[in-house]
Amino acid sequence: MFGAQKEGMRKALKVYGEVLRLVRRLPQDTRPYYAKYVRENFVNYREVDSDDANALNELFLRAYNHSLWVLNKYSVDESAAEKLKEVCCS
């Protein structure tokens with residue numbers, strides 16, 4: 001079980017890093033808001049059981065879909081999220 005927990009945490013950190021990289025592609029005046037939003041959301045979900053693969057995958061997919069929505073809102077090409085997609089949807 002410890003290995004699954006460790007893997008879930010590793011994947012969560014990768015998702016977090018990729019989402020923050022996407023924030024850098026947003027207009028400069030929006031970056032502080034979205035960086036704070038990302039950080040707060042990851043902190044809010046820190047209590048999710050890292051052994052619960054379904055819950056984690058649901059959260060990762062939600063992070064990916066929400067990231068696409070924000071990118072589209074600011075007319076940033078969705079292809080910027082390819083690496084996030086690989087991490088979230090693998």
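Where is the place of Thr-30? The place of Thr-30 is in the loop between H1 and H2, where helices (H or I, at least four residues) and strands (E, at least two) are DSSP runs numbered from the N terminus.

The legends below describe a predicted model, in which local features need pLDDT of at least 70 and side-chain atom pairs count only at pLDDT 80 or more, while totals for chains, interfaces and linings use all residues. Residues are numbered from 1 along each chain as its sequence is written, and side-chain values use heavy atoms, with hydrogens and water left out.

**View 1. Thr-30 in the loop between H1 and H2.** Thr-30 has a relative accessible area of 10% and is therefore buried, a word that stands for under 20% relative accessible area, with exposed meaning over 50% and partly exposed in between (1.4 Å probe, protein chains only). Between the C-alpha atoms of Thr-30 and Glu-86 there are 25 Å, and the two residues are 56 residues apart along the chain.

View 2. Of the 27 residues that line the largest pocket, Val-38, Asn-41, Phe-42, Tyr-45 and Ala-63 are the closest to its centre. The terms rest on a 1 Å grid over the protein atoms alone: a cavity is a set of points where a 1.4 Å probe fits but cannot get out, a pocket is an open set with protein on both sides within 12 Å along at least five of seven lines, and lining residues have an atom within 4 Å of a point. Helix H1 (2-23), helix H2 (31-44) and helix H3 (53-73) each contribute at least two residues to the lining of the largest pocket, and H3 gives the most, with nine residues. By residue class, the lining of the largest pocket holds 20 nonpolar, five polar and two charged residues; here Ala, Val, Leu, Ile, Met, Phe, Trp, Tyr, Cys and Pro count as nonpolar, Asp, Glu, Lys and Arg as charged, and the others, Gly among them, as polar.

**View 3. Glu-18 and its salt bridge with Lys-83.** The structure holds six salt bridges, each defined as a side-chain nitrogen of Lys or Arg within 4 Å of a carboxyl oxygen of Asp or Glu. In one of them the side chains of Glu-18 and Lys-83 meet at 3.8 Å, N to O. This pair links distant parts of the chain, with Glu-18 in helix H1 and Lys-83 in helix H4 (residues 82-88), 65 residues apart. Glu-18 counts as buried, because its relative accessibility is 10%. Not counting residues up to four places away in sequence, Glu-18 touches Lys-83, Leu-84 and Val-87, where contact means heavy atoms within 4.5 Å.

**View 4. The salt bridge of Glu-58 and Arg-62.** The closest N and O atoms of Glu-58 and Arg-62 are 3.2 Å apart. Glu-58 and Arg-62 are four residues apart in helix H3, so about one helical turn separates them. Arg-62 counts as partly exposed, because its relative accessibility is 40%. Elsewhere, salt bridges that share partners join Glu-18, Arg-21 and Lys-83 into one network.

**View 5. Lys-11, buried and without a salt bridge.** Lys-11 has its place in helix H1. Although Lys-11 is buried, it has no salt bridge, and the nearest side chain of opposite charge, Glu-7, is 7.0 Å away; Lys and Arg count as positive and Asp and Glu as negative, while His and the chain ends are not counted. Residues up to four places away in sequence being left out, Lys-11 touches Asn-57, Phe-60, Val-87, Cys-88 and Ser-90.

**View 6. Ser-75 and Ala-81 in the loop between H3 and H4.** Ser-75 is not a glycine, yet it has a positive phi of about 55 degrees. Most residues other than glycine have a negative phi. With a relative accessible area of 69%, Ser-75 is exposed, whereas Ala-81 counts as buried at 0% relative accessibility. Leaving aside neighbours within four places in sequence, Ala-81 is in contact with Leu-22, Tyr-64, Leu-68 and Leu-71. Ala-81 and Val-15 lie 11 Å apart in space, C-alpha to C-alpha, and 66 residues apart in sequence.
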